[in-house]
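I am opening a notebook on this structure. The entries below record what I looked up, in order.

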Amino acid sequence: MVNKLVLIYFVKGGLPSVQTREKINVKATIWILSGICVVVFLCVNLSGSREKVLAVTNAHIYPISQDEIPAGILLLKGTKILAVGKNLTIPQGAEVIDANGKHVMPGIVESHSHMGQKQLWQGPVTHSNNNELSDPVNAHCLAIDGLNTHDIAFPMALEAGVTTMNIIPGSRSPNSGQAVVVKLRGGSAEELFFAHGGMKFAIRATERRPNFPKSIEEVGELLRVKLKEAQEYMAAIEQHGSVTPAGRTPARNLKLEALSKVVTREWFVGVHATTAKEMSIAMDLQKEFNLDLYIIHGYGVTVHAEELAKRSIPISYGPVFPIMGRENDALDGAVRFAKQGGRLSIHQDHPDGHQYYIRHAAALFVRRGMPVHEALEALTINPAELLRIKDRVGSLEAGKDADFLILNGPPIEMESLVEQVFIEGKEVYNRRTRHNVFNSN
Amino acid sequence: MTRQLKMVIVLWFIFVIPLQTVEARHKVLAIRGGEIHTLSTGILKDGIILIEGATIRAVGRQLAIPKGAKLIDATGMIVTPGIIDARTYYGLQRFGARTEFIQPASRVVDAFKQRENSRWLKGGVTAVYVTPPPTSLLGGFGAVVKLVGDTDKAVIKAEAGMNLSFGEAALQFPSRNSPTTRQGMLGQLRLEFVRAKEHMDQHKNEPGAAEEDIQLQAIGKVLRREVPLRAVAHMPDDIMSALRFADEFNLELVIDLGAGAHQVANYLARAEIPVVVGPSIMGLGSGGPLEMYAHTPENAGLLHKAGVKVAICTDMAYGRSVLLEGLIAKSHGLPENAALKAVTLDAAEILGVEDRLGSIEPGKDADLVIWKNHPLSTWGESQTVIVNGTVVFER
């Protein structure tokens with residue numbers, strides 16, 4: 001009888017004729033349909049609660065988006081944070097981790113790294129995939145195409161508490177390509193992929209090649225010319241519907257297409273600039289084309305701190321470790337920049353620095369006068385905002401990804417060690433058991 | 001004696017001698033009220049340190065402070081000996097320059113220039129070992145220098161160690177006829193040391209002669225255990241080769257850097273070979289040689305646990321100081337007191353300058369640092385740095 005119903009309703013479509021209806025037992029039909037509904041309802045809800053609820057209790061929590069919670073609870077469900085607070089009700093059936101006073105903070109977001117591109121131990125076989133040098137402009141090249149996510153540096157980055165990382169092409173050419181933001185959840189590039197990492201420019205002229213600019217002024221000029229070409233490219237498409245006037249085959253220019261996205265601010269752009277002069281050139285480009293731009297390294301911030309803060313141009317500062325020590329006053333410019341509302345991110349620029357010490361770098365800023373919470377913001381919410389992934393990571397708030405660290409001491413203390421790392425609710429690193437998601441198959 | 005002469009003698013006793021005594025009193029410096037980490041006789045709370053000239057005169061709780069002494073109040077602070085970095089390239093001109101595969105007679109003091117306003121000094125590091133670069137198999141003499149004073153005054157031991165590079169470093173810079181393998185390197189070393197021994201036995205009663213002899217004489221100092229061998233070795237096999245070689249010629253040996261030293265800790269402990277543990281960042285940066293694969297920040301802690309004497313170093317010319325390395329070693333298993341010892345007394349002993357540096361004891365050099373918070377903590381900060389009894393930095 002059920003078959004007949006199915007046949008009539010779904011195959012023939014619509015209600016059966018009055019005669020057929022009389023033949024069908026309506027009461028039984030209603031029971032069966034209700035039964036199906038109940039079963040479906042149960043299935044949906046059961047699978048819903050199969051999403052694990054995890055409660056980390058008795059933890060000193062640094063949510064970043066609000067003040068520290070000395071004896072707090074972090075509730076997560078599946079891959080997301082459910083709630084953060086002091087007196088939360090822990091749902092029945094939840095798995096409870098008693099943190100025993102340990103410290104919990106969001107997973108560290110590192111805004112600048114070459115991990116997997118500059119592989120950690122390069123012999124004569126592999127070489128650096130970091131810098132494409134056949135041409136000064138490589139806007140169409142993608143970092144993800146030169147990325148070995150099985151490099152031994154990745155598990156070490158997890159040990160340091162880095163959960164999200166922007167892997168960015170090098171600085172030896174004025175425009176080296178597009179960066180990629182990854183989450184360190186183990187596997188190949190596709191599994192790690194999280195978001196587009198923006199475009200990379202570099203105000204640097206150290207490459208002695210015939211087709212490369214010879215000074216930083218020439219670099220600035222080259223980038224200006226290219227961005228203008230991108231504008232013209234876009235205008236031509238808008239006007240003619242194609243690049244060239246009607247009748248001629250449109251010539252897709254992948255480089256200009258990519259640069260157009262920078263011009264329209266669809267993509268943000270990171271600009272390598274270390275000295276005050278280089279930063280000046282970058283800032284001029286930002287102004288001329290109204291780019292969504294951030295400065296990388298920014299050691300010359302000492303000179304430009306006020307203007308950068310006023311114009312809301314973020315800085316990704318680093319590497320700090322290993323070069324800088326506890327007495328280095330070079331950090332003072334960055335401290336001043338942050339104090340005036342500038343959004344500072346701290347990066348270690350693997351492999352030139354090492355993110356094993358990214359919290360140590362933050363501590364060095366605090367020693368030069370930066371408040372602790374600002375230093376922690378520089379490791380979490382500031383880079384998240386920079387990379388346009390603030391809705392997903394960077395703080396412990398309801399609805400965001402459950403990416404967090406458990407440390408055996410305050411995160412700003414260099415002596416503290418990361419004991420456990422969770423990404424999207426799943427434990428990816430445990431110091432005690434030596435479990436590391438990059439080392440398991 | 002004439003009356004005038006008697007007058008002169010009397011006046012001399014009345015004026016000149018007391019003046020001299022007063023002058024001596026002005027050179028006394030007293031530090032009081034701090035928690036003194038002597039490193040030799042434990043921690044002294046609210047102690048007093050008396051310094052006269054460039055030397056520590058006394059350490060204790062109930063000491064009489066001479067009138068006219070300059071007082072430094074260290075209440076609430078920690079006082080330690082000046083910090084020692086056991087392996088650096090500090091002040092070395094033409095860093096990395098190498099002329100010969102074997103150049104034992106070269107000395108770093110001939111290429112050393114004191115740095116002004118060193119950040120290390122401000123941060124509490126008062127003495128370092130300056131090493132020849134590891135690109136020669138036998139690189140020459142390293143020296144112990146203070147971070148204050150011109151070369152003549154700053155160098156406290158011109159020939160404090162003979163650098164030897166096992167492993168990849170020297171093999172990467174081949175000259176004509178230089179060995180291409182590890183056994184080739186050991187073979188060549190043996191040849192040089194045997195020649196040097198023969199030379200030593202032949203010329204026992206003669207002073208120095210031709211250039212070749214100077215190289216052999218240099219090795220002679222190592223053969224006579226006047227200078228220890230500072231052997232850079234990372235892989236366990238390189239470390240064991242160093243042990244074997246030192247045993248063969250009865251040399252005093254120190255393992256430098258030793259990324260994989262923790263893997264052969266028991267051998268090192270049994271042979272009583274100290275290790276100058278390399279910086280934590282070693283092997284983690286761009287293109288670190290494969291031979292450092294075994295490196296771990298737990299290295300110093302593991303070695304200490306096995307009974308090996310350790311010092312800590314930065315192996316750098318400038319940048320982050322050895323105190324940060326000490327902090328990292330401490331957070332990875334080296335107990336706090338052992339970590340402080342690794343940058344003071346144990347370092348001094350390994351460098352052969354423990355008669356002058358490394359602890360706060362009467363008779364030793366007055367190299368001291370007054371700290372806000374423990375030097376090996378995140379918030380440790382030097383407040384006053386004293387070298388040779390003189391305050392060289394005040395925050």
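What share of the contacts in chain A with a separation of 6 or more comes from residues 24 or more positions apart? I found 68%; two residues are in contact if their C-beta atoms, placed from the backbone, lie within 7 Å.

Before going on I noted that this is a predicted model, in which local features need pLDDT of at least 70 and side-chain atom pairs count only at pLDDT 80 or more, while totals for chains, interfaces and linings use all residues. Residues are numbered from 1 along each chain as its sequence is written, and chains are lettered from A and ligands numbered from 1 in the order in which they are written.

**Chain A**

I looked up burial next. Of the 441 residues in chain A, 47% are buried, meaning that 20 or more other C-beta atoms, placed from the backbone, lie within 10 Å of the residue's own. I then listed 13 helices and 17 strands for chain A; these are DSSP runs numbered from the N terminus, with at least four residues (H or I) for a helix and at least two (E) for a strand.

I turned to one hairpin of chain A. Strand 2 (residues 69-77) and strand 3 (residues 80-85) of chain A run antiparallel and are joined by five bridges; strands pair if DSSP finds at least two bridges between them. A:Leu76 has A:Ile81 in strand 3 as its bridge partner. Two residues lie between the strands, and A:Gly78 takes a positive phi near 60° in this hairpin.

**Chain B, domains**

I looked up the domains, whose bounds come from an automatic or database domain assignment. Chain B has domain 1 (23-81 + 359-395) and domain 2 (83-357). Their centres, taken over C-alpha atoms, are 30 Å apart. I found 19 residues of domain 1 in contact with 21 residues of domain 2. On the domain 1 side, strand 5 (78-81), strand 15 (381-387) and strand 16 (390-394) of chain B each give two or more residues. Strand 15 gives the most, with three residues.

**Chain B, sheet**

I followed an open sheet of eight strands in chain B, in the order 6-7-8-9-10-11-12-13, with mixed pairing. Why is one side of strand 6 and of strand 13 left without a neighbour in the sheet? Strand 6 (83-88) and strand 13 (310-312) of chain B stand at the edges, and each has a single partner strand.

Within chain B I checked one pair: strand 9 (residues 155-165) and strand 10 (residues 229-233) are parallel over four bridges. B:Asn163 has B:Arg230 in strand 10 as its bridge partner.

Key
Buried ≥ 20, exposed ≤ 12 C-beta atoms within 10 Å, placed from the backbone.
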